Structure formats: C-alpha cells, structure tokens
Amino acid sequence: MKIIDKRGRLFGLINIIDLFISIVLIALIGFGAYKVFKVNPTVAVNTEKVTMVYMIQEVRDVTYNAIEEGEIAKDYDKNTVYGKIVKKEALPATKMVNTADGRMVEAEIPNRFDVKIYIEGDAVVSKTGVYMGNQEVRVGYPVAVKGRKFGVRGFVYDLIINE
C-alpha cells in the first residue's frame with residue numbers, strides 16, 4: 001500500500017489538501033478558544049484601598065471651587081476611574097523672586113492656589129508598583145484628572161496605602 005495513492009489521498013483515506021485545511025481550522029479554533037477563556041492576571045489580583053494625594057499648582061479659585069468632595073475622579077484621557085475625592089486643600093501659591101537687594105525670597109502669587117486633592121480608590125499594590133484605574137501611579141508622575149466640572153493637569157504628590 002502506498003502512502004499517497006493515484007487520487008492524492010493519504011493512505012487511501014483523506015485528500016492531502018483536505019487534511020491540511022482541517023489541521024489549520026482546528027488550530028485556529030483552539031487559538032481562539034485560548035484567547036477567549038484565558039484568565040486575565042490583573043483581574044485575579046487582590047486590591048487595596050489607596051489614597052492618592054494629587055497636587056495642582058497655581059490654579060484660580062474658580063478651579064478650586066469646581067472640585068467637589070465626594071465626586072468621582074477619572075483619568076482625563078482614558079476615562080478610567082481613580083476613585084472618590086475625599087478631601088481637598090488650598091494652599092497659597094508661591095514662587096521664588098529676586099528682591100531689589102539681590103536676595104531670593106518666597107513670594108505669594110495673588111489670586112492663585114496650590115491645591116491638594118485626596119483621591120481614595122482601589123489599587124493593585126505589587127512589588128513593581130501601584131496601579132489605580134489600570135494605570136501605574138508613582139510619586140512625581142504627571143497625571144491629568146477630571147471630574148464632572150473640572151479637568152486639571154498636575155502630579156502625584158503622595159501615595160498613602162491604607163492597611
């Protein structure tokens with residue numbers, strides 16, 4: 001008995017082209033099933049309560065008043081939720097200026113504030129970093145945050161892991 005007969009069948013049972021197409025279809029179905037039913041590792045990780053202290057500098061009082069405690073804070077570009085605003089603080093905005101006698105002094109900027117926003121939310125805390133709203137956040141990272149009536153760009157001032 002020949003491996004391939006006159007009609008192009010393997011061992012007289014199946015056409016080689018049909019066999020090849022069947023193998024490719026089975027492989028595609030298996031790959032698709034793997035992608036659909038694969039466990040997402042970020043979903044299986046436990047989350048912890050984290051308070052992100054967010055700083056925006058030199059804003060007007062209108063912006064400060066638009067930020068409301070209890071409001072949901074989201075990423076400005078991706079619209080993912082960081083958490084709920086639990087507290088806000090306004091500090092006088094300052095900058096270093098030269099005086100007439102050549103000294104550098106810290107002077108207050110009129111009608112401007114530095115604002116600290118405390119955002120509490122669930123975060124994945126791992127050995128490699130802290131992830132809020134599916135984004136890595138670290139002290140010093142620039143972050144854009146928006147709420148219902150405001151949108152600001154600032155940076156992460158502190159991360160408080162609530163244990």
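Tutor: A salt bridge here is a side-chain nitrogen of Lys or Arg within 4 Å of a carboxyl oxygen of Asp or Glu. The model is predicted, so local features need pLDDT of at least 70 and side-chain atom pairs count only at pLDDT 80 or more, while totals for chains, interfaces and linings use all residues. Residues are numbered from 1 along each chain as its sequence is written, and side-chain values use heavy atoms, with hydrogens and water left out.

Student: How many salt bridges does a search of the whole structure find?

Tutor: Side chains of opposite charge can pair when their charged atoms come close. With the cut-off of 4 Å between nitrogen and oxygen, the search of the whole structure gives a count of 6.

Student: Which residue forms a salt bridge with Asp122, and where does it lie?

Tutor: The closest N and O atoms of Asp122 and Lys49 are 3.4 Å apart. This pair links distant parts of the chain, 73 residues apart, with Asp122 in strand E6 and Lys49 in strand E3 (residues 48-59); helices (H or I, at least four residues) and strands (E, at least two) are DSSP runs, numbered from the N terminus. The partner is therefore Lys49, in strand E3.

Student: Is Asp122 buried, partly exposed or exposed?

Tutor: Buried means under 20% relative accessible area, exposed over 50%, and partly exposed in between, with a 1.4 Å probe and protein chains only. Lys49, its salt-bridge partner, has 40% relative accessibility and counts as partly exposed. Asp122 has a relative accessible area of 45%, so Asp122 is partly exposed.

Student: How far apart are the closest N and O atoms of Glu68 and Lys149?

Tutor: Glu68 and Lys149 form a salt bridge, with their closest N and O atoms separated by 2.9 Å. The pair links distant parts of the chain, since Glu68 lies in the loop between helix H2 (61-66) and E4, and Lys149 in the loop between strand E9 (142-146) and strand E10 (151-161), 81 residues apart. Glu68 is partly exposed, with a relative accessible area of 26%. The distance asked for is 2.9 Å.

Student: How many bridges join E5 to strand E6?

Tutor: Two strands pair if DSSP finds at least two bridges between them. Strand E5 (residues 81-98) also pairs with strand E4 (residues 72-75) in the antiparallel sense over 3 bridges, and there Ala73 has Gly83 as its bridge partner. E5 and E6 (residues 104-125) likewise run antiparallel, and the number of bridges joining them is 13.

Student: Which residue takes a positive phi in the hairpin of E5 and E6?

Tutor: This hairpin has 5 residues between the strands, and Val97 stands opposite Val105 in E6. In the hairpin of E4 and E5, also with 5 residues between the strands, Asn79 in the turn has a positive phi of about 65°. In the hairpin of E5 and E6, the residue with a positive phi, near 90°, is Gly102.

Student: Which residues does Asn111 touch, not counting residues up to four places away in sequence?

Tutor: Asn111 lies in strand E6 and counts as exposed at 66% relative accessibility. The C-alpha atoms of Asn111 and Ala93 are separated by 8.4 Å. By the contact criterion of heavy atoms within 4.5 Å, the residues touched by Asn111 are Val59 and Arg60.
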